[in-house]
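Open the model in your viewer and keep the sequence panel beside it. The stops below say what to select and what is there.

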Amino acid sequence: MKIQERAGAGAGRSAAPAGPAVGDRLPTPPRERKPALAALAVLLILVGALGATMLVLQAGDRIEVVKITEPIPAGQPVTDSNTTSVMVAEDPGIHYVEWSQLDALKKLKAVSAIPAGVVAVGEMFGDEAKVPSGKALVGMSLKEGQYPAGLEAGDVVAAYRVGGTSRSGSDDDAGTGGSAGGGSDSLLVEQARVDFVQAGKSDDIVSSANNPVTLLVDSAEAAVLTQAASNGEVALVLVPGN
């Protein structure tokens, strides 16, 4: 009797539905693929690689050119002491003077004053200096004391007549007007730009020797300034504008 009850109980349990096995996962939906995003990522990688390649190529496409290290007055040539070499990116639109052309460049002259620190280009040089319209270059030879110490090309100065006699008649005939007075110690040129001065000359010679200086002045002031300079009656003074 007991055997039958156990058999019946076992048969009842076997008829019940079996639960899910431990450790089984529920099925997940398949992931949605986005080919457009994948293509965009590949494109960005290619663009980045191309940009890096172009930068490397441009960095390697450089040339050695002439750089001006000291101011060069108009009409003066370059030398070994006022030039050096520098590497720049090659640009067909800029007429750089290559370092290998330095010897040929020394045969030419600056058409206008060239400041220090610039890279030389072909347009800066020619067979002779170009004087701006309405201007004139006046050369003179001055002793120490007739010009300020440390005078350099590009400085703005005033020119005075010193140590001479009254020249009102000759000044008026020269057509200088009010800018050049007639008496001693009078103003000859209110503002002139130093185009050339022999740098370091006073350190090598005695104070009684003269130093060449060239001034860029208005054409109307050139005659009286030249006359005073030929008589050794010119002194220069630095003025505002430097």
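**Stop one: a charged patch**

Select Glu90, which is partly exposed, with a relative accessible area of 44%; partly exposed lies between buried (under 20% relative accessible area) and exposed (over 50%), with a 1.4 Å probe and protein chains only. This is a predicted model, where local features need pLDDT of at least 70 and side-chain atom pairs count only at pLDDT 80 or more, while totals for chains, interfaces and linings use all residues. Residues are numbered from 1 along each chain as its sequence is written, and side-chain values use heavy atoms, with hydrogens and water left out.

Glu90 sits in the loop between β2 (83-89) and α3 (102-105). Helices (H or I, at least four residues) and strands (E, at least two) are DSSP runs, numbered from the N terminus. Patch residues have over 30% relative accessible area and no salt bridge; like charges are joined within 9 Å, nonpolar side chains (Val, Leu, Ile, Met, Phe, Trp, Tyr) within 5 Å. A salt bridge is a side-chain nitrogen of Lys or Arg within 4 Å of a carboxyl oxygen of Asp or Glu.

**Stop two: a nonpolar patch**

Go to Leu44 in helix α2 (residues 35-60). Leu44 is exposed, at 57% relative accessibility. Select Leu37, Leu40, Leu43 and Val47 as well; with Leu44 they form a nonpolar surface patch of about 500 Å² accessible area together.

**Stop three: helix α5**

Which residues of α5 are buried? Select Glu221, Ala222, Val224, Leu225, Ala228 and Ala229. After α5 comes Gly232, with a positive phi near 70°.

Technical notes:
Areas by Shrake-Rupley, 256 points an atom, 1.4 Å probe, with all protein chains shown as cover.
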